[in-house]
Amino acid sequence: MTANCIACGMPMDRQEDHALADAARPYCRYCAREDGTMLSYPEKLAGYAGWLVSTQGLDRTVAESQAATILRQLPAWRERHSRT
Ligand SMILES: [Zn+2]
């Protein structure tokens, strides 16, 4: 059974893809801190924007707004944005 990370949308095909290789956790290892708790929105946003800057050469401001657009559609953050 394939689940998608609630925080970044990555497909988690293998148990190792889950945080702490725990299939019960709905988010992936890239969205988890070392202790297995999920990253906060600002942490994930900064990480995602940094990734866009390094992989796509985007301007930091552009990367942050693009990251925000992507994250907004994911289950982990949808509620956060529906209130605003
Ligand atoms: Zn993730």
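Modeller: Start with the domains, whose bounds come from an automatic or database domain assignment. Here the protein is divided into domain 1 (1-39) and domain 2 (40-84). Before we go on, residues are numbered from 1 along each chain as its sequence is written. This is a predicted model, where local features need pLDDT of at least 70, side-chain atom pairs count only at pLDDT 80 or more, and totals for chains, interfaces and linings use all residues.

Colleague: How far apart do the C-alpha centres of the two domains lie, and how many residues does the contact take from each domain?

Modeller: Two residues are in contact if their C-beta atoms, placed from the backbone, lie within 7 Å. The C-alpha centres of domain 1 and domain 2 are 18 Å apart. Domain 1 gives 7 residues to the contact and domain 2 gives 7 residues. On the domain 1 side, 6 are nonpolar, 1 is polar and none is charged. For those classes, Ala, Val, Leu, Ile, Met, Phe, Trp, Tyr, Cys and Pro count as nonpolar, Asp, Glu, Lys and Arg as charged, and the others, Gly among them, as polar.

Colleague: What order do the elements run in?

Modeller: Helices (H or I, at least four residues) and strands (E, at least two) are DSSP runs, numbered from the N terminus. This protein has 3 helices and 2 strands, and from the N terminus they run β-β-α-α-α. Its radius of gyration is 13 Å, close to the 12 Å that the globule rule gives for 84 residues, so the protein is as compact as a globular protein of that length. That radius is taken over C-alpha atoms, and the rule is 2.2 Å times the number of residues to the power 0.38.

Colleague: Which residues make up the largest nonpolar core?

Modeller: General idea first: in soluble globular proteins, nonpolar side chains tend to be buried together. A residue is buried if 20 or more other C-beta atoms lie within 10 Å of its own, exposed if 12 or fewer, and partly exposed in between, with C-beta atoms placed from the backbone. A nonpolar core is a set of buried Ala, Val, Leu, Ile, Met, Phe, Trp, Tyr and Cys residues joined through C-beta atoms within 7 Å. The largest one here has 9 residues: C5, A7, C8, M12, A19, Y27, C28, C31 and L39. A second, separate core of 5 residues includes A49, A63, A67 and L71. Over the whole protein, buried residues make up 20% of the 84 residues.

Colleague: And K44, is that lysine buried or exposed?

Modeller: K44 sits in helix α1 and is buried, because 21 other C-beta atoms lie within 10 Å. Not counting residues up to four places away in sequence, K44 touches A7, C31, L39 and L71. The C-alpha atoms of K44 and L71 are 8.6 Å apart, though the two are 27 residues apart along the chain.

Colleague: What about R14, buried or exposed?

Modeller: R14 lies in the loop between β2 (11-12) and α1 (41-56). R14 counts as exposed, with 10 C-beta neighbours inside 10 Å.
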